[in-house]
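Thanks for making time this morning.

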Amino acid sequence: MKNIINKIRQVYPVSDEALQADMQVRYYPKNTYIVHSGVTDRLVYFIEEGVARSVFHHNGQDTTTWFSQEGDITFGMDSLYYKQPSVESIEALSDCKIYVIHIDKLNLLYETYIDIANWGRILHQNVNKELSHMFVERLQLSPKERYERFNRRYPGLINRVKLKYVAAFLGISIYTLSRVRAQK
């Protein structure tokens, strides 16, 4: 759990004791779904190895909304917090080694360890800020500027995922992404 612990401690200095949670390890092959849209999934997924994407399926089109990689957590928000079927899927873009914990166990850790509660609070604050910035960037920045921000936000990820997923994430066509990349 080295990658996970390192990432957790980048967000907040969590104690060794608090990190002794009982989590189950799972392996997801490339191109399999970790979370399925339309299904209620009450698990939190900590990615030790690999890359995943959050994706909305609508009218035969997929839109990538988020990328998760080593050390990140991912989950279907509607399922996790509201006990409703997930509106998005999470797909493994590479072979993934993932540790899972049920939200009830994580909530117990929040109640037991203030450092875990603070980690969760700060993590959610950071993600909310990131989502807000990405929303504004889609409205105000050129495709080239969005691509540059993507590379700063996710260093090296461009070489690990399909370009069509990056284009969808940036809100541009694959052709525009190709032109922007050719300008470099």
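This is a predicted model: local features need pLDDT of at least 70, side-chain atom pairs count only at pLDDT 80 or more; totals for chains, interfaces and linings use all residues.

Residues are numbered from 1 along each chain as its sequence is written, and side-chain values use heavy atoms, with hydrogens and water left out.

The UniProt record, an unreviewed entry, lists residues 23-109 as "domain: Cyclic nucleotide-binding"; positions are given in the numbering used here, feature names are shortened, and such annotations may be inferred rather than shown by experiment. Over residues 23-109 the chain is 15% helix and 49% strand, with the end C-alpha atoms 12 Å apart, where helices (H or I, at least four residues) and strands (E, at least two) are DSSP runs numbered from the N terminus.

Helix α2 covers residues 77-82 and includes Y82, which is exposed at a relative accessible area of 52%; here buried means under 20%, exposed over 50%, and partly exposed in between, with a 1.4 Å probe and protein chains only. Also in helix α2 is D78, and its C-alpha lies 8.8 Å from that of E88, 10 residues away in sequence.

Turning to salt bridges, meaning a side-chain nitrogen of Lys or Arg within 4 Å of a carboxyl oxygen of Asp or Glu, the structure holds 11. One of them pairs R53 with D62 at 3.7 Å, N to O, and there R53 is buried with a relative accessible area of 3%, whereas D62, at 38%, counts as partly exposed.

How far apart are the closest N and O atoms of E130 and R153? They are 1.9 Å apart in the model, and the two residues form a salt bridge. Because E130 lies in helix α4 (residues 114-140) and R153 in helix α5 (residues 143-153), this pair ties together parts that are 23 residues apart in sequence.

Within helix α5, E148 and K144 are 4 residues apart, which means about one helical turn between them, and they form a salt bridge with closest N and O atoms 4.0 Å apart. E148 is partly exposed at 25% relative accessibility, and K144 is partly exposed at 40%. Finally, salt bridges that share partners join E130, E137, R149 and R153 into one network.
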